[in-house]
Amino acid sequence: MSHNSTRKSIIQILSLYLGTSIILLCWLFYFFYKKEVRNIFLTQVASLREETLEINDILHKYKYDIDEALPEILQNKEHNIGIFKRDGTMLFSNLLKNPSDDEFAKGVYEVEDKVIIDPEFLPSPHKSKKRSKFRIFIQDSKVDSLIFASKVRLALIFVLVLGIMSIVAFVLVRLFLKPLNEHIQRLDDFIKDATHETNTPISIVLMSIETLKTHNLSEEERKKIGRIKLACLQLGHIYRELVAYNFPHSMQDKISNLDLQSLLEERLDFFAPFFTQKKLSISLDSKPARIMASRE
């Protein structure tokens with residue numbers, strides 16, 4: 001297995017593994033992100049609801065007399081508030097903007113960088129079933145910065161987890177492919193060595209056959225020598241194919257203007273003994289033609 005094929009296999013395996021992992025991670029992190037955003041919002045609502053409960057306790061203490069209760073309500077309060085009757089009539093408000101009818105019905109709306117909430121009308125893990133006499137809106141800062149920070153944190157965790165998974169996957173793939181690469185490398189080395197060592201004996205046998213005097217031999221002996229020559233020619237053909245496969249850099253790959261008809265006749269001459277042995281008759285019907293290609 002060559003370096004390129006090994007790298008290609010690793011890339012294919014990692015692409016499949018990481019592709020499915022990214023899809024799964026995206027789904028999981030999207031679920032965590034939505035849950036985190038909801039938790040941030042619910043935490044804010046729960047905190048504001050505690051404040052509304054305190055305000056309701058003060059109102060109850062003063063028998064819902066707004067004028068008498070306001071000094072204590074506004075004492076040490078960091079949030080602006082709005083107190084409304086159930087029908088929407090304003091009793092007190094220092095909010096940036098009082099709610100419209102739709103906003104009053106929804107229980108939440110935004111003004112500039114603030115969010116104004118009636119916690120009683122929104123889901124809260126600590127929400128009481130008891131309804132207060134008044135509706136109390138509390139003004140607080142938006143949680144956009146907290147949501148953005150959570151998004152960045154989850155994105156960094158996503159990248160970190162994906163990076164760790166990629167490293168582990170790469171190491172595992174290399175470990176799994178290492179025995180196979182070593183085995184294939186040994187096989188390639190053997191084929192290359194065998195290919196290199198095969199040429200010399202084939203050349204010696206062919207040379208010996210060509211210089212052998214056969215006029216004193218019987219017909220049967222000449223046939224035997226002919227078969228030996230055919231076998232050597234076939235081995236020579238296999239040798240050249242092995243060289244072309246294992247040592248492509250050693251082959252002549254120069255592009256030239258070749259006489260295709262001449263090349264065809266040359267190859268037919270080479271295989272002529274094989275045709276004769278198989279009792280095949282080959283007839284060539286061709287006309288001159290040229291091609292730009294490598295002779296090998």
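## The main core

Let's start in the middle: the largest nonpolar core has 17 residues, and those touching the most other members are Ile 55, Leu 59, Ile 66, Ile 73, Ile 81, Ile 83 and Ile 136. A nonpolar core here is a set of buried Ala, Val, Leu, Ile, Met, Phe, Trp, Tyr and Cys residues joined through side-chain atoms within 4.5 Å. Two or more residues each come from helix 1 (3-61), helix 2, strand 1 (81-84), strand 4 (114-117) and strand 5 (135-141). Helix 1 gives the largest share, five residues.

This is a predicted model, where local features need pLDDT of at least 70 and side-chain atom pairs count only at pLDDT 80 or more, while totals for chains, interfaces and linings use all residues. Residues are numbered from 1 along each chain as its sequence is written, and side-chain values use heavy atoms, leaving out hydrogens and water.

## Helix 2, face by face

Which residues of helix 2 are buried? In this helix (residues 66-74), they are Ile 66, Ala 69, Leu 70 and Ile 73. Buried means under 20% relative accessible area, exposed over 50%, and partly exposed in between (1.4 Å probe, protein chains only). Seen down the helix axis, the buried residues fall within an arc of 120° (taken from the directions from the axis to the C-beta atoms), so they line one face. Asp 67 and Pro 71 are exposed on the other side.

## The ends of helix 2

Just after the helix, Asn 76 takes a positive phi of about 60°.

Note on methods. Helix = DSSP H or I, 4+ residues; strand = E, 2+ residues; numbered from the N terminus.
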